Amino acid sequence: MNNSSSSRRTRHREADLAGLLEAAERVFSERGYHAASIRDIATEAGFSIGGVYQFFTSKDDLYLRVVEGQWEHFFELLNGAMQAPDFTARLLALTEAMFRAFEERRGFFKLFLSERGRLSAAFTGEIAARVGQHTHRLRGQLVDLMRQGGAEGMLRTNDPELLASAYLGMVHNCIFEAMAAGAARPSRPAEEVLAIFLDGASRRGAPVQGSPS
């Protein structure tokens, strides 16, 4: 087989895999992990059942790959956000990226969170381990970004870990509120969330109770 034929076969296989993963995400989003079957996913993708098993050994294996795909998509958005020129622009772009990731994949995201407690302990542990790795990576990037904000004089505290936690809490709360309400997107725009985070909830100059005035 020449290099051209090999390259063409590789491209076709990659396209088949991408189509299969898109179909699996749709089926899992609509039916949930337990109700979805390999036959359902194969039909949605235009595959035979055997064709699915050429790529994945089990439904668990396929589901994990879909979960990984959600994170890959998010980090693509995140990497784009990190190209903004300064701290404020980066944090705004990051907030928009997190909201966009939810808006584009909210069906799978909602079912993923609701069904985790119904999966086997071993499978739940494997999912948690992978999600933990990605969450650690995200948090590390956020801490670095908060450290940059301090260096630029945009933040008043020198505790980037605390700031990263506060920021994530605000963004996650907006997303979870939207999910609970069945909304297509968070009700607060990214600009408002960023303004509250940067300016604080109190009036400028108002002393914090218990602190020196």
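I count a charge as sitting over a ring if NZ of Lys or CZ of Arg is within 6 Å of the ring centre and within 35 degrees of the ring normal. With that rule I found Lys59 over the face of Tyr33, at 4.3 Å from the ring centre. I also found Arg137 over the face of Phe75, at 3.7 Å from the ring centre.

A note on the ground rules. I am working with a predicted model, where local features need pLDDT of at least 70, side-chain atom pairs count only at pLDDT 80 or more, and totals for chains, interfaces and linings use all residues. I number residues from 1 along each chain as its sequence is written, and side-chain values use heavy atoms, with hydrogens and water left out.

Next I looked up confidence. The protein has a mean pLDDT (the predictor's confidence in each residue, from 0 to 100) of 88, and 92% of its residues reach 70 or more. Over residues 205–213 I see pLDDT under 50, and the model has 1 contact (heavy atoms within 4.5 Å) for them beyond four places in sequence.

Then I turned to the rings. I call two rings of Phe, Tyr or Trp (its six-membered ring) a pair if their centres lie within 6.5 Å; planes under 30 degrees apart are stacked, over 60 edge-to-face, and the rest tilted. The structure holds 14 aromatic pairs. I checked Tyr33 with Phe123, a tilted pair at 5.6 Å centre to centre and 45° between the planes.
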